[in-house]
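Colleague: I would like to learn how to read some features of a protein model. Please take them one at a time.

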Amino acid sequence: MEFIIKGLVIESLIGSEPKPVSAFTPSATKALSMGGAFTAVADDPTSVFWNPAGLTQLGSFGMDISLSVSGENMENFSDLYELYKALENQDYKAAEEIARKEFPMPMSLEPTINLEVTFAHHLAISGAAQMEFKVEKFEFHDELSPYVEIQDMETGLVPIYLSLASGFPKFPLKIGLNVKYIQGIRRSSHFKLLSTGDKEEIDLEKISNAQPITSFDLGVLYTPKDSKLTYGLMMEDIFEPTMEFPEMENSDLESLFLPRKINLGVAFRGIPRVTLAADVHNIISNDRTFHTGGEIDLSLLKLRVGLDN
């Protein structure tokens, strides 16, 4: 049995444009440390999130646990913590200095944990839990009784994956399919943080459980005969389902649309123990991104480097 516990990967999108809406941001230490250039590599149990066709490259049994944290403008969460501490300690001067800062919006934090279990070399069952903490408004109001206006939202997603993959003996093509059952919950709040440290609601806090949905991913790996190159294709959320949050009254929060996402990749394995890869993600949208990465396998030590835009 192969049991791997992967470390914590921090992917900071400080100062970047907002990420496209997606049901789930995949974790995976190897993939993220290679800059996300993993569509044509897909050679560990986390391939179910990047290209399920990669299950055909695995052994008889494997287990993988991955934890990652991503987000936008994450460094500003420390200022929010300092603001609460200043108010708690009744240090109103320090609290006002922090509150008067200009915070780029939105701020978000997305911790994700994955568990993948592979059976044989064509079947896997995987689960994940992801929570997005997002602050959409943080404004200081300098009035007779100063306060900070905060509008935030938390969305939790729990996708369960059943993944199947198969190859063709007479043709160098491998295909994988994910069937995903996704549950979700969302909470929104809009309140004033008073100089006394108390909270005063502007809008009532809302909590809504989503109606579970089913979605599908398709992955392909193709290695031409006598070639050192492998080409990969991943199509996520093929039928573009929408997750509904019926208790949310704000039209911007009552649904989560899962757009179709297509990634292309190429991997080169012409040098022993070395893998080089490049990906283009979201090729059918204006939010496409480019990723490159590499790995040197020294048996007990694996050196990886990655870059994305």
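**Patch, cores and strands**

Modeller: Strand S6 gives the most to the nonpolar patch, with four residues. Strands here are DSSP runs (E, at least two residues), helices are runs of H or I with at least four, and both are numbered from the N terminus. This is a predicted model, in which local features need pLDDT of at least 70, side-chain atom pairs count only at pLDDT 80 or more, and totals for chains, interfaces and linings use all residues. Residues are numbered from 1 along each chain as its sequence is written, and side-chain values use heavy atoms, with hydrogens and water left out.

Colleague: Which elements give two or more residues to the nonpolar patch?

Modeller: A patch of this kind takes Val, Leu, Ile, Met, Phe, Trp and Tyr with over 30% relative accessible area and no salt bridge, their side chains joined within 5 Å. Here the members include Phe119, Ile125, Leu162 and Leu218, and the patch has about 780 Å² of accessible area together. S5 and S6 (171-194) are the elements that give two or more residues.

Colleague: Is isoleucine 125 buried, partly exposed or exposed?

Modeller: Buried means under 20% relative accessible area, exposed over 50%, and partly exposed in between (1.4 Å probe, protein chains only). Isoleucine 125, in strand S4 (residues 123-141), has 45% and so is partly exposed. Aspartate 79, in helix H3 (residues 77-88), counts as buried because its relative accessibility is 16%.

Colleague: Which residues touch the most other members of the largest nonpolar core?

Modeller: In soluble globular proteins, nonpolar side chains tend to be buried together. A nonpolar core is a set of buried Ala, Val, Leu, Ile, Met, Phe, Trp, Tyr and Cys residues joined through side-chain atoms within 4.5 Å. The largest one has 18 residues, and Phe38, Val41, Trp50, Leu55 and Ala277 touch the most other members. Helix H1 (29-33), helix H2 (47-50) and strand S5 (147-168) each give two or more residues to this core, and H2 gives the most, with three. Apart from it lies another core of 15 residues, including Leu80 and Phe138.

Colleague: In which sense do S14 and strand S15 pair, and over how many bridges?

Modeller: Two strands pair if DSSP finds at least two bridges between them. S14 and S15 (residues 302-308) are antiparallel, with seven bridges, and isoleucine 296 stands opposite leucine 303 in S15. They form a hairpin with four residues between them, where serine 299 in the turn has a positive phi of about 70°. S14 (residues 289-297) also runs antiparallel to S13 (residues 274-281), joined by eight bridges.

How values were computed
Patches are made of residues with over 30% relative accessible area and no salt bridge: like charges are joined within 9 Å, nonpolar side chains (Val, Leu, Ile, Met, Phe, Trp, Tyr) within 5 Å. Accessible areas come from the Shrake-Rupley method with a 1.4 Å probe; for residues, only the protein chains shown count as cover. A salt bridge is a side-chain nitrogen of Lys or Arg within 4 Å of a carboxyl oxygen of Asp or Glu.
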